[in-house]
Amino acid sequence: MRSLPCRPLVAPVLPVLLCALVALGVPGAAAADGPDGPDGSGGTAGSTGSEGHGGPSASVEVARLYVEAQSATARYEAGRRAAAVQRARVKHLERLLAKERYEVSVLHEDLGRMATAQYRTGGGLPLTARLLLADNPDELLRGRRVVGQADLAVTNTVARTQRAAARLATARRSATRARDVLDRREARLARLKRDIEAKLESARWTLQEEADASAAAGRCRGAVRLAQPESSSTRAWVTPVESYELSAGFDSAGARWAARHTGQDFAVAIGAPVRSVGAGRVVRVACGGGFGVEVVVRHEDGSYTQYAHLASVAVDQGERVRTGQWVGQAGTTGNSTGPHLHFETRVTPDLGSGVDPVGWLAERGVGL
């Protein structure tokens, strides 16, 4: 299926960094899905009672690890940038040192030539003897003063250059030590980041296995209350996920669908936070059929949105939700070939009343 470009939205720092990590887990191939189960239904509503199986703890663990991974990645990137600055500083200092050393070498050569010339012109005789032998003593004295002034200028220049070179060498040693410290810190942070991501990957699939069992039984495990991100946004509408790649689009054909594709797919990793695109009320939480674990929200303008193939839900049926509130975590339950969010916009809560989500969101000021 043809992938469309991703356009992340401006959002608070924490959700943006969280979803930047989500993007690291996006599968290479676009995932496919379909609403139609063996009986052609769009998913069966199930009980909202807690099913157990350790489900809530797995959901919370995935959410916690997302936060830890976000923090570790932020620290790693800061350390990497600082180390890069130090390395650039060391290279700059090395170039300055090379230039200073070259100038000192040139000055030393000039001093050597001046000393040789002075010797050849009688510089080895005492000044009194040279004055007595000179045809023009005044000219000799003037030349002596000029040579003395040149010697003094060169000597001062050499001293200044040597002091500058010493300062630069000290700065270079300091920068090199700082760079080495930053490199070691960067390596430690990289190991920490890898460890957290490995734990997150394991937790994701534990969460998915539990979600599959729940969907197969047609019984939802109940809302898992996740710590909601703080948001200062005043936008009335947002995208259902913050960082993503678009995969299968509305009304596209596919072997896994009985008819045409009824929504817009967002390729994200298992456990990625899924949010309500607008304020409203949850009218359905279902856990069976082709859509797997799903949530349907009725919005204040009378329209409906569906969030399907979830790994967990974070809301209960009848609950009011605000714009951007997490309603669940992405997964690959139901008729799905890989982790993604199947998102629909409808004029009724039921399958078959869908409209193109891209245009629907665009009408509300949200571009994909």
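Is Trp 237 buried or exposed? Trp 237 is buried, at a relative accessible area of 15%. Buried means under 20% relative accessible area, exposed over 50% and partly exposed in between, with a 1.4 Å probe and protein chains only.

Before moving on, some ground rules. This is a predicted model, in which local features need pLDDT of at least 70, side-chain atom pairs count only at pLDDT 80 or more, and totals for chains, interfaces and linings use all residues. Residues are numbered from 1 along each chain as its sequence is written, and side-chain values use heavy atoms, with hydrogens and water left out.

**Stop 1: aromatic pairs**

The count of aromatic pairs is 4. Rings of Phe, Tyr and Trp (its six-membered ring) pair if their centres lie within 6.5 Å; planes under 30 degrees apart count as stacked, over 60 as edge-to-face and the rest as tilted.

Select Trp 237 and Trp 360. Their ring centres are 5.3 Å apart and their planes stand at 85 degrees, so this pair is edge-to-face. Trp 237 sits in the loop between α4 and β1, Trp 360 in helix α5 (residues 357-363), so the pair ties together parts 123 residues apart in sequence. Helices (H or I, at least four residues) and strands (E, at least two) are DSSP runs, numbered from the N terminus. Trp 360 counts as buried at 7% relative accessibility.

Next, select Tyr 307 and Phe 343. This aromatic pair is tilted, with 5.5 Å centre to centre and 50 degrees between the planes. Tyr 307 belongs to strand β6 and Phe 343 to strand β9 (residues 341-346), 36 residues apart. Both Tyr 307 and Phe 343 are buried.

**Stop 2**

Select β5 (residues 293-299). Of its 7 residues, 6 are buried. Show β4 (residues 280-287) beside it: the two run antiparallel, joined by 7 bridges. Two strands pair if DSSP finds at least two bridges between them. Gly 280 stands opposite His 299 in β5. β4 and β5 make a hairpin with 5 residues between them, and Gly 289 in the turn has a positive phi of about 80 degrees.

Now bring in β6 (residues 304-313). β5 and β6 pair in the antiparallel sense over 5 bridges. The bridge partner of Val 297 is Thr 305 in β6. These two strands also form a hairpin, with 4 residues between them. Gly 302 in that turn has a positive phi of about 90 degrees.

**Stop 3: the disulfide**

Select Cys 220 and Cys 287. A disulfide joins them, S to S 1.7 Å; the cut-off is a pair of cysteine sulfur atoms within 2.5 Å. Cys 220 lies in the loop between α4 and β1 (245-246) and Cys 287 in strand β4, so the pair ties together parts 67 residues apart in sequence. The torsion about the S-S bond is about 110 degrees, so the disulfide is right-handed. Cys 220 is buried at 1% relative accessibility, and Cys 287 is buried at 1%.

**Stop 4**

Go to Ala 164, in helix α4. Ala 164 counts as buried at 14% relative accessibility. Select Leu 96 too: the C-alpha atoms of Ala 164 and Leu 96 are separated by 9.7 Å, while the residues are 68 apart along the chain.
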